[in-house]
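Dear colleague,

Please find below the structure that I am handing over to you.

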Amino acid sequence: MKKESKEELRNRIGDLAFEVTQNAATEYPFTGEYDNFFEKGLYVDIVSGEPLFLSTDKFNSGCGWPAFSKPVSPDSVKEKTDFSHGMVRTEVKSKGAESHLGHVFPDGPKELGGMRYCINSASLKFIPYDELDDAGFGEFKEKLDG
């Protein structure tokens, strides 16, 4: 399969998603499609379609971005120290496409493991529970039902 050009990718996912995933931009707080969204399903990387987060691990942190307690599996994301903007944070990227997703902080709910994956809506695509089989992600239904 031919690798998508940057222009083709931008046309497919849109300007904001391109800037977030490819240039580590951040969407404005409380503006993202999935900030206050709690339907049952799977969140995948908007660039590659790789599975990232389950709706059962999503919580309302009040931070203005979707927050998750953990990724769908430990090896679905990579973390790297980020020194940008005069801060020291941990950046979260998708493992396969290396899309910038957001950052992870150790201030999540203790009962959910204590982590808060603060993720840009623009880096995600949501697949509703009822569409998981058709999208090739039927194996995640059991995890969502658990």
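The structure, which is a predicted model, holds zero disulfides. Cysteine 63 takes part in no disulfide, and the nearest cysteine sulfur to it, that of cysteine 118, lies 3.7 Å away. Likewise, cysteine 118 is in no disulfide, its nearest cysteine sulfur being that of cysteine 63. Cysteine 118 counts as buried because its relative accessibility is 9%, and the cut-off for buried is under 20%.

**Serine 69**

Where is serine 69 found? Serine 69 belongs to the loop between strand S4 (67-68) and strand S5 (77-82). With a relative accessibility of 6%, serine 69 also counts as buried. When its neighbours within four places in sequence are left aside, serine 69 is in contact with Asp57, Phe59, Leu112, Met115 and Tyr117.

**Helix H2**

Helix H2 spans residues 15-23, and within it Ala17, Phe18, Val20 and Thr21 are buried. Against which elements do the buried residues of H2 pack? They pack against helix H1 (6-13) and strand S7 (100-105). After H2 comes alanine 24, which has a positive phi, near 60 degrees.

Yours sincerely

How values were computed. Residues numbered from 1 in each chain as written. Predicted model: local features only at pLDDT ≥ 70, side-chain atom pairs only at ≥ 80, totals over all residues. Heavy atoms only, no water. Buried < 20%, exposed > 50% of the residue type's maximum accessible area, 1.4 Å probe, protein only. Helix = DSSP H or I, 4+ residues; strand = E, 2+ residues; numbered from the N terminus. Contact = heavy atoms within 4.5 Å. Disulfide = S-S within 2.5 Å.
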